[in-house]
Structures are given as structure tokens and as C-alpha cells.
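Student: I am new to this structure. Please pick one part of it, look at it closely, and then tell me what lies around it.

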Amino acid sequence: MTTKAYEDFLTETITEPMFNSLVERTKKESEDLMKQIAHDEKRLAKNGKNDGNARKWIDLIKDYADITELDADTVNRLIKQIVVHEEITEDGTRNISMEIHYNFRPTDESKTYNLSEYAEANSVAEAI
């Protein structure tokens with residue numbers, strides 16, 4: 001497009017201010033496209049990393065599909081972090097929740113469990 005605009009400028013089909021305006025607009029579009037390309041490349045790199053983590057998670061978790069006993073080694077392999085929260089309301093009720101952050105998840109996600117209702121029934125394992 002710039003070449004055609006330059007030819008039109010040389011043949012006096014368009015004026016110099018119009019040519020300069022076209023050149024500036026073309027430069028701006030080019031800069032915007034370069035920024036978009038850089039942004040998209042970063043996003044693709046992140047998606048590639050997420051894809052790799054998803055594959056690792058699938059490979060890791062398929063070995064534990066029929067698990068019957070949870071031991072420390074298994075917990076350490078599958079779980080990055082466990083965070084337990086406790087809130088005591090004004091009426092003295094204890095609300096306990098637990099976040100489990102898993103290793104190799106495609107995204108940094110966690111699962112939150114409300115343990116208060118299960119603690120009353122003495123079956124916290126059912127909450128999970």
C-alpha cells in the first residue's frame with residue numbers, strides 16, 4: 001500500500017499531506033500489529049507451558065486412578081500445598097475450610113472444601 005501511495009504522490013494523484021497521513025497511519029498499523037504479535041506469542045508460550053503441565057498431570061494421575069490407600073509419598077507427589085482456614089463467627093460457630101493446590105495442574109487452580117459440616121459427623125474424609 002505504501003508503494004502505491006508513493007507512486008500516487010509522485011504522479012501528483014494525491015497531495016503531500018495526504019501521502020504523509022497515509023504513511024503515518026501505515027506506521028501506526030504496523031506498530032499495533034507488532035505489539036499484537038508479541039502479545040500473541042507470549043500467550044502461545046504460556047499455553048504451551050499449560051499443555052505440558054496438563055500432560056504431566058494426566059501421566060501422574062493415571063497411576064493413582066484406583067488408589068486404595070493414601071500415604072505421604074502419594075500426597076507429596078500429587079499435592080503442592082494444603083491450606084486450612086478457620087473462622088469463628090460471633091455466635092461461636094467454627095467454620096473450617098481447606099484448599100488443596102495440586103501439582104502440575106494446567107492452571108494454578110485449587111479446590112476448596114468446607115469441612116465444618118463433615119466435622120460434626122466425624123467424617124472429614126467424606127468431604128474430600
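Tutor: Helices and strands here are DSSP runs numbered from the N terminus, a helix (H or I) having at least four residues and a strand (E) at least two. This is a predicted model, in which local features need pLDDT of at least 70, side-chain atom pairs count only at pLDDT 80 or more, and totals for chains, interfaces and linings use all residues. Residues are numbered from 1 along each chain as its sequence is written, and side-chain values use heavy atoms, with hydrogens and water left out.

Threonine 89 counts as partly exposed because its relative accessibility is 27%; buried means under 20% relative accessible area, exposed means over 50%, and partly exposed is in between, using a 1.4 Å probe and protein chains only. The side chain of threonine 89 makes a polar contact of 2.3 Å with the side chain of aspartate 91. A polar contact is a pair of N or O atoms within 3.5 Å; within protein, one must be able to donate a hydrogen and the other to accept it, and residues adjacent in sequence count only if both atoms are side-chain atoms.

Five residues separate the two strands, which form a hairpin, and glycine 92 in the turn has a positive phi of about 90°. Strand 1 covers residues 79-88 and strand 2 covers residues 94-102; they run antiparallel and are joined by nine bridges. Two strands pair if DSSP finds at least two bridges between them. Along this pairing, glutamate 86 stands opposite isoleucine 96, and glutamine 81 has histidine 101 as its bridge partner.

Strand 2 is mostly covered, with seven of its nine residues buried. Isoleucine 96 of that pairing also belongs to the largest nonpolar core, whose eleven residues are Trp57, Leu60, Tyr64, Leu78, Ile79, Ile96, Met98, Ile100, Tyr102, Tyr113 and Leu115. Helix 2 and strand 2 are the elements that give two or more residues to this core, and the largest share, four residues, comes from strand 2. A nonpolar core is a set of buried Ala, Val, Leu, Ile, Met, Phe, Trp, Tyr and Cys residues joined through side-chain atoms within 4.5 Å. In soluble globular proteins, nonpolar side chains tend to be buried together.

Leaving aside neighbours within four places in sequence, tyrosine 64 is in contact (heavy atoms within 4.5 Å) with Thr74, Arg77 and Leu78. Tyrosine 64 and leucine 78 are 14 residues apart along the chain, and their C-alpha atoms are separated by 9.4 Å. Threonine 74 belongs to helix 3, residues 72-78. With 6% relative accessibility, threonine 74 counts as buried. Beyond its neighbours within four places, threonine 74 is in contact with Tyr64 and Ile67.

As for the whole protein, there are five helices and three strands, and from the N terminus the order is α-α-α-β-β-β-α-α. Of its 128 residues, 21% count as buried.
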